[in-house]
Amino acid sequence: MYRPPYQRTPESRCGACVFALLLVLCTSVFTVRAQNHHYSQFYTAPVSMNPALTGAFDGIFRVNANQRTQWLSVTKPYLTFGISADGALYKNHRRQELLGIGGAVTTLKAGDVGYTSTQAMLTASFIKYVGRQNRHKIGIGAYIGLFNNFFDMAAARWDEQFQHNFYNPSLGSGEDFLTTRQYYFDLGAGLFWSFSPNKTNTFQLGFSTAHLNQPKETFGTTNQRLPVRYTTHFISRIGLSQNLALEPMAMASWQRSFSEYVFGTNIEYFQRKNSYVTLFSIGGGLFYRWNDAVIADVFFDWQNLRIGVCYDVNVSPFRVATHLRGALEISISYIFRKKSVTRSGKEPCPYDVM
């Protein structure tokens with residue numbers, strides 16, 4: 001894994017100050033109702049978070065997998081599994097631009113009736129380096145997706161099936177499912193901007209939207225349209241020394257009256273083979289999902305492989321199902337054919353790596 005020499009500039013200190021001010025703003029102004037739509041390790045599923053990040057990495061092909069088990073003490077935990085893959089369909093190093101393509105599948109499952117929601121999406125992006133010494137990178141992207149919701153109607157118990165406080169399965173549910181429509185197409189878009197003031201520090205800011213077409217769901221005879229969801233993220237890496245880096249991050253999401261704010265930082269220790277090749281790195285950190293959970297995570301990098309584990313200590317007022325019940329999440333990422341350095345003098349310029 002390529003790690004350039006450590007440098008520190010006023011721009012990196014300025015970026016840290018901006019991030020600190022954002023955290024103060026979130027904690028002092030916003031009153032929110034938390035939701036658990038995203039992974040706690042949101043930065044490990046970039047394609048699902050923002051389609052503009054498709055192909056925005058050093059390598060040919062990337063695969064990510066995430067698994068989350070939430071509300072561990074209940075009878076049927078809330079399970080989430082996602083897998084994504086992306087890469088560059090076209091690269092032009094002379095013009096410093098690429099076209100990225102990718103896809104992701106996410107499945108949620110919970111409850112005695114086996115309620116399952118599956119989202120499949122295809123993503124595409126255009127990314128280009130701009131500015132003096134190519135220190136700025138901008139990208140735009142979009143996705144098209146298909147949702148499918150399912151539950152076992154035979155396993156459900158309805159109020160109409162209880163007679164004198166006893167359950168009678170022979171009674172009808174009184175529900176009309178002939179017009180139920182639980183699949184729909186979905187559209188979304190995103191953009192991001194990345195800035196590398198030197199060879200050590202990077203700052204990334206992104207914004208994306210989902211459900212731009214406001215797809216309609218039908219359950220029985222009830223119709224509803226999904227409101228547009230807006231998501232923004234901030235990811236950074238600030239060199240502290242030759243072997244340490246600080247990684248402040250934040251993510252916020254809004255969907256009508258629901259909102260979610262996650263912020264915190266990782267600290268990473270890396271051991272180098274030489275000035276340009278890292279043998280391994282290990283780190284961890286603390287994050288907070290506002291009004292919902294404290295998140296502790298650890299991760300390990302070795303060559304092209306990254307493994308992350310985190311645990312949520314839930315502090316939300318939804319006490320019966322979630323208070324202090326926790327959630328365990330595991331992420332795995334692998335990048336094929338990252339640029340390698342065979343000898344000194346052949347290392348790639350960090351601003352040329354797409």
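Is N198 buried or exposed?

**View 1. N198 sits in the loop between β8 (183-195) and β9 (202-210).** N198 is buried because its relative accessibility is 4%; buried means under 20% relative accessible area, exposed over 50%, partly exposed in between (1.4 Å probe, protein chains only). A polar atom of the N198 side chain lies 2.8 Å from the backbone nitrogen of T200. The backbone nitrogen of N201 is 2.9 Å from a polar atom of that N198 side chain. Strands are DSSP runs (E, at least two residues), and helices too (H or I, at least four), numbered from the N terminus.

This is a predicted model: local features need pLDDT of at least 70, side-chain atom pairs count only at pLDDT 80 or more, and totals for chains, interfaces and linings use all residues. Residues are numbered from 1 along each chain as its sequence is written, and side-chain values use heavy atoms, without hydrogens and water.

**View 2. I307 lies in strand β17.** I307 counts as partly exposed, because its relative accessibility is 36%.

**View 3. Helix α1 (residues 10-29) has the lowest mean pLDDT among the elements of the protein chain, 44.** pLDDT is the predictor's confidence in each residue, from 0 to 100. Strand β9 has the highest mean, 96. Over residues 1-36 the pLDDT is below 50, yet this stretch has 83 contacts in the model beyond near neighbours in sequence. A contact means heavy atoms within 4.5 Å.

**View 4. Over residues 341-354, pLDDT stays under 50.** The model has 39 contacts for this stretch beyond four places in sequence. For the protein chain, the mean pLDDT is 80, and 75% of residues reach 70 or more.

Notes. A polar contact is a pair of N or O atoms within 3.5 Å; within protein, one must be able to donate a hydrogen and the other to accept it, and residues adjacent in sequence count only if both atoms are side-chain atoms.
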